[in-house]
Protein chains: 2
Amino acid sequence: MYQDRIKPRSLWAKVVTPEEAALHIKDGMTVGMSGFTRAGEAKAVPMALAERGRRENFKISLLTGASLGNDLDKTLAEANVLARRMPFQADPALRKRINAGEVMFVDQHLSETVEMIRSRQLGPIDVAIIEAVMIKEDGSIVPTTSVGNSATFAMLAEKVIVEINMTLSPDLEGMHDIYIPTRRPFRGPIPITNPRDRAGMPSIPLDPSRIAAVVISAKQDSCSNIAPPDDETKAIARHLSDFLGNEVAKARLSTSLAPLQAGIGSIANAVMHGFIDTDFHDLTMYSEVLQDSTFDLFDAGKLTFASGSSLTLSQERNAQVFADFSRYKNRLVLRPQEISNHPEVIRRLGLIAINTALEADIYGNVNSTHVMGSQMMNGIGGSGDFARNAYLSVFVTKSTAKDGRISSIVPFVSHVDHCEHDVDLIITEQGLADLRGLAPRERAKTVLANCIHPDYRDIIGDYMRDAERTVGGQTPHILERAFEMHMAYRDHGDMRQVGLDRAAAAE
Amino acid sequence: MYQDRIKPRSLWAKVVTPEEAALHIKDGMTVGMSGFTRAGEAKAVPMALAERGRRENFKISLLTGASLGNDLDKTLAEANVLARRMPFQADPALRKRINAGEVMFVDQHLSETVEMIRSRQLGPIDVAIIEAVMIKEDGSIVPTTSVGNSATFAMLAEKVIVEINMTLSPDLEGMHDIYIPTRRPFRGPIPITNPRDRAGMPSIPLDPSRIAAVVISAKQDSCSNIAPPDDETKAIARHLSDFLGNEVAKARLSTSLAPLQAGIGSIANAVMHGFIDTDFHDLTMYSEVLQDSTFDLFDAGKLTFASGSSLTLSQERNAQVFADFSRYKNRLVLRPQEISNHPEVIRRLGLIAINTALEADIYGNVNSTHVMGSQMMNGIGGSGDFARNAYLSVFVTKSTAKDGRISSIVPFVSHVDHCEHDVDLIITEQGLADLRGLAPRERAKTVLANCIHPDYRDIIGDYMRDAERTVGGQTPHILERAFEMHMAYRDHGDMRQVGLDRAAAAE
Ligand SMILES: CC(C)(COP(=O)(O)OP(=O)(O)OC[C@H]1O[C@@H](n2cnc3c(N)ncnc32)[C@H](O)[C@@H]1OP(=O)(O)O)[C@@H](O)C(=O)NCCC(=O)NCCS
Ligand SMILES: CC(C)(COP(=O)(O)OP(=O)(O)OC[C@H]1O[C@@H](n2cnc3c(N)ncnc32)[C@H](O)[C@@H]1OP(=O)(O)O)[C@@H](O)C(=O)NCCC(=O)NCCS
């Protein structure tokens with residue numbers, strides 16, 4: 001009975017098939033779509049669009065909240081429908097086309113995309129496609145498992161297509177808090193001073209006459225594909241909780257710490273999970289993606305409230321959470337990503353921000369996005385919004401990747417997403433480097449002593465010594481050797497080759 | 001009659017010589033001192049301290065607002081008194097010791113230092129030395145030509161030394177607005193929604209019993225040492241105003257633009273000066289350092305209000321402004337640098353932020369601090385606070401330095417202070433690259449076409465072509481060649497050598 005989900009009767013006549021709805025999208029258009037980290041993306045219409053793309057020649061610019069589930073980015077990319085994509089993605093097939101220069105990928109701070117659209121520096125949005133559990137009497141729409149950029153897309157698009165997802169309960173109503181900052185130069189403060197504050201409305205306001213089509217779907221979110229905690233990620237979690245315990249002992253933090261933010265992926269999830277085995281209590285989260293660990297912490301009685309922009313859960317957790325939703329509902333809020341990631345709120349609340357690095361360098365610069373300097377992985381996502389403005393900015397990574405052939409700590413990161421000023425702690429399974437208040441030469445010593453895998457200590461230690469002796473400076477670097485480890489991996493498949501070459505040369 | 005300047009009579013007995021006051025400072029102490037970009041630094045006590053340093057062995061950590069005048073950083077460095085220095089400096093003699101690894105320089109976002117002190121991640125401050133025009137009846141102190149970090153230093157230091165500067169008029173009272181954010185987790189919004197809003201008090205609150213010594217001084221601020229506009233900086237200014245005119249034509253901005261921020265130095269000053277010859281009007285500034293150009297714009301009737309953290313003027317302008325202070329006073333406010341640079345306010349107001357790059361790369365990353373990757377120039381200053389959070393983030397630089405032997409546009413910046421996501425426009429005298437909404441490969445083409453000096457177009461064009469063909473990726477780079485121009489300068493004194501070598505090899 002989808003009619004129960006579409007309160008304005010006038011819209012019943014607009015219910016069409018996904019194929020019909022997709023016809024609103026034409027060559028050259030800019031499409032704004034719901035979806036954030038595999039949660040709450042429109043599912044049926046983009047599939048139909050890809051189908052059409054296999055027969056017809058057209059290209060669009062696709063904007064979303066963040067990455068999509070249901071292999072949508074893959075399917076759209078392979079149908080050659082994407083000319084441009086922003087502000088984030090995490091799909092191997094799309095990634096391949098981006099790196100081949102076939103899709104122009106505009107990687108952005110996740111809080112900024114809608115600011116640029118509103119001020120007409122980007123856009124306009126021709127069509128918005130928004131997944132919803134319900135259209136309310138007044139035309140406003142209740143989103144599903146993410147908010148992302150949906151509110152702004154819907155409010156500013158020429159036409160709106162709503163996908164009603166019948167697999168999700170209308171009980172989700174009340175979980176969302178839709179607040180859009182007022183227009184500059186008349187903008188006031190964002191009225192959030194605690195993760196649990198609500199500033200806006202439970203649904204996205206929309207004049208029903210702007211809804212061009214409604215589609216009924218029954219596809220579920222893809223479940224999260226992250227790996228469970230392992231020995232190394234558990235060690236990282238332990239280093240962080242030991243450090244925080246010490247901060248509490250020094251009375252810099254209370255035993256409920258500060259609101260926590262955790263990035264996407266396996267490592268950040270494992271680190272959050274690690275808080276279960278600590279004495280901290282009455283924790284709160286002011287984060288972006290809420291993963292399984294959020295609910296593990298609720299169930300363990302550790303977490304009192306979580307604010308995010310999406311719910312991205314494993315299959316098992318997903319089933320349990322939605323079967324038992326009333327248990328969590330009043331401890332959760334999902335906000336537009338502009339608000340979950342807003343510098344104003346992040347700085348005011350004083351977050352502890354935990355994000356994952358692909359690689360970090362001895363001076364504390366972090367690369368979150370580019371493998372070997374050129375190949376895009378996913379995008380910077382919200383990590384820049386959080387790292388710059390947090391009370392404590394933590395980056396975690398295993399000390400090596402690819403079975404030890406890559407060291408995640410290098411002399412000079414091959415791409416900088418987070419400069420040294422935005423990085424307070426670097427943690428690997430080897431240990432923790434506390435970089436606060438240190439000059440670059442001191443930072444390097446701390447990173448060398450604590451974070452680097454034993455296989456790479458001499459290689460990097462030699463670089464540091466040589467750079468300090470032969471070049472000096474605030475941040476000693478030997479430019480021709482700065483990327484020597486990356487080049488060794490490229491040429492020999494193993495960064496340790498630098499050490500072998502050096503040993504051979506010494507003989 | 002310095003007694004007129006010290007309202008609490010109980011403090012008259014605390015008036016001592018600079019030498020006596022300096023005895024409060026002992027080996028290993030952390031000293032927080034007033035002073036921001038050659039304005040409002042304590043002058044007599046640090047001089048006496050340096051004098052003592054020439055006879056006695058001791059070292060301190062010195063924190064200020066930003067750079068100091070009166071050759072203080074030089075004098076203190078040469079007296080071997082500085083173990084650590086933060087968060088900014090701009091002195092050649094100190095720079096030399098920093099780059100030699102003799103002084104540990106902690107380069108920080110200027111809005112963050114006091115957050116770290118308040119949360120006890122830095123500090124504690126043993127002694128604060130604050131320049132003032134007056135101590136009021138209630139013990140509160142009226143700062144001079146800068147606010148910087150003085151309020152927090154004074155409020156948190158174990159002991160406070162006040163330097164009364166007799167050369168400045170008590171009429172300065174009323175120009176300052178001292179607002180300190182409330183303590184987390186109970187922090188509320190900062191009540192500033194317009195550059196002219198006042199949120200705090202006209203003086204720094206202080207219990208007079210915490211004042212350990214008062215010193216009377218008659219030294220003036222050093223005047224600013226920036227170069228006047230030249231043909232190249234005028235061209236940069238023109239490119240920017242043409243661009244902004246076009247934004248107004250597209251109705252993205254009004255003719256009063258948005259509040260303006262301009263960085264330190266000659267180029268930023270020239271660019272601001274350039275607004276005199278435009279049709280924009282009723283401009284406002286929400287900036288950090290107010291230079292001559294602010295007053296040029298006031299006098300031209302272009303500017304209605306300016307908010308900053310310091311007044312740093314040429315000798316001539318300085319004399320005129322203070323002779324005629326009532327003319328400007330109600331159009332000016334000086335705030336703590338935490339507030340002038342606060343991400344919350346910058347994002348809310350939607351600033352146009354104009355800062356100077358040492359070098360920028362084809363993908364839009366900016367180096368503001370490190371010459372050839374290792375040698376510190378000044379520090380990141382407030383540029384990161386502004387660039388990340390502005391409505392429009394502009395970086396300006398001449399296309400070459402050192403008589404053309406250095407190109408300020410390179411394939412890969414040798415140090416990253418501002419990542420591609422924080423840079424909207426790059427402007428040189430050659431032209432303007434509008435990078436908004438572009439993917440890295442598109443950004444590179446735009447920078448190549450618009451910003452690079454003709455001597456370097458082929459060198460950089462060749463790199464781009466080779467990197468795209470042989471490596472590809474989102475951000476194509478050939479790691480062994482990424483710094484080839486920097487290495488050519490290091491080895492041959494001229495970056496153009498890369499082109500000469502390539503031509504020779506091709507023969
Ligand atoms: C950095 C990021 C890719 C790590 O993801 P993760 O799942 O936690 O980490 P993993 O260790 O599993 O690494 C993922 C992949 O990167 C590879 N990798 C890790 N470090 C690497 C390095 N230094 N060089 C090359 N590859 C590396 C891993 O081998 C793995 O490859 P695979 O997919 O082929 O197995 C991910 O966190 C990300 O995209 N971050 C940027 C955006 C962000 O921070 N968003 C959150 C803000 S709220
Ligand atoms: C970048 C910065 C040094 C430029 O200063 P400026 O006075 O406007 O610019 P100039 O062109 O005069 O350059 C200053 C010096 O750097 C040199 N320089 C410029 N570009 C260079 C490059 N790419 N490589 C090496 N040296 C370079 C110049 O030759 C000049 O040297 P000199 O002092 O020996 O004559 C200065 O703006 C700065 O320190 N910025 C960082 C902090 C900041 O942005 N604060 C403002 C935030 S509100």
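**View 1. Where chain B meets chain A.** In this predicted model, 79 residues from chain B and 78 residues from chain A make up the contact. Put together, the two chains bury about 6600 Å² between them, with 49% of it on carbon and sulfur atoms. Look for Arg347(B), Arg388(B) and Gln474(B): this trio supplies 13% of the area that chain B buries against chain A, more than any other three residues.

View 2. Eight salt bridges turn up between chain B and chain A. One to find is the pair Arg84(B) and Glu442(A), whose side chains meet at 2.7 Å, N to O.

**View 3. The side of chain B that touches chain A.** Several elements of chain B give two or more residues here, among them α4 (92-99), α14 (383-389) and α17 (484-492). The biggest giver is α13(B), with five residues. Sorted by class, this side of chain B has 30 nonpolar, 27 polar and 22 charged residues.

**View 4. Ligand 1 and its surroundings.** Here 24 residues surround ligand 1, and the closest are Glu288(A), Leu358(A), Met377(A), Asn378(A) and Lys402(A). In chain A, α8 (266-273) and β15 (352-356) each supply at least two residues of the shell. That shell counts nine nonpolar, 12 polar and three charged residues.

**View 5. Polar atoms around ligand 1.** A polar side-chain atom of Asn378(A) sits 2.6 Å from an oxygen atom of ligand 1. Alone, ligand 1 would expose 960 Å², and the protein buries 78% of that.

How values were computed:
Residues numbered from 1 in each chain as written. Chains lettered and ligands numbered in written order. Predicted model: local features only at pLDDT ≥ 70, side-chain atom pairs only at ≥ 80, totals over all residues. Heavy atoms only, no water. Contact = heavy atoms within 4.5 Å. Buried area = accessible area lost by both parts, 1.4 Å probe. Salt bridge = Lys/Arg side-chain N within 4 Å of Asp/Glu carboxyl O. Helix = DSSP H or I, 4+ residues; strand = E, 2+ residues; numbered from the N terminus. Nonpolar A, V, L, I, M, F, W, Y, C, P; charged D, E, K, R; others polar. Near = heavy atom within 4 Å. Polar contact = N/O pair within 3.5 Å; in protein donor to acceptor, adjacent residues only side chain to side chain. Areas by Shrake-Rupley, 256 points an atom, 1.4 Å probe, with all protein chains shown as cover.
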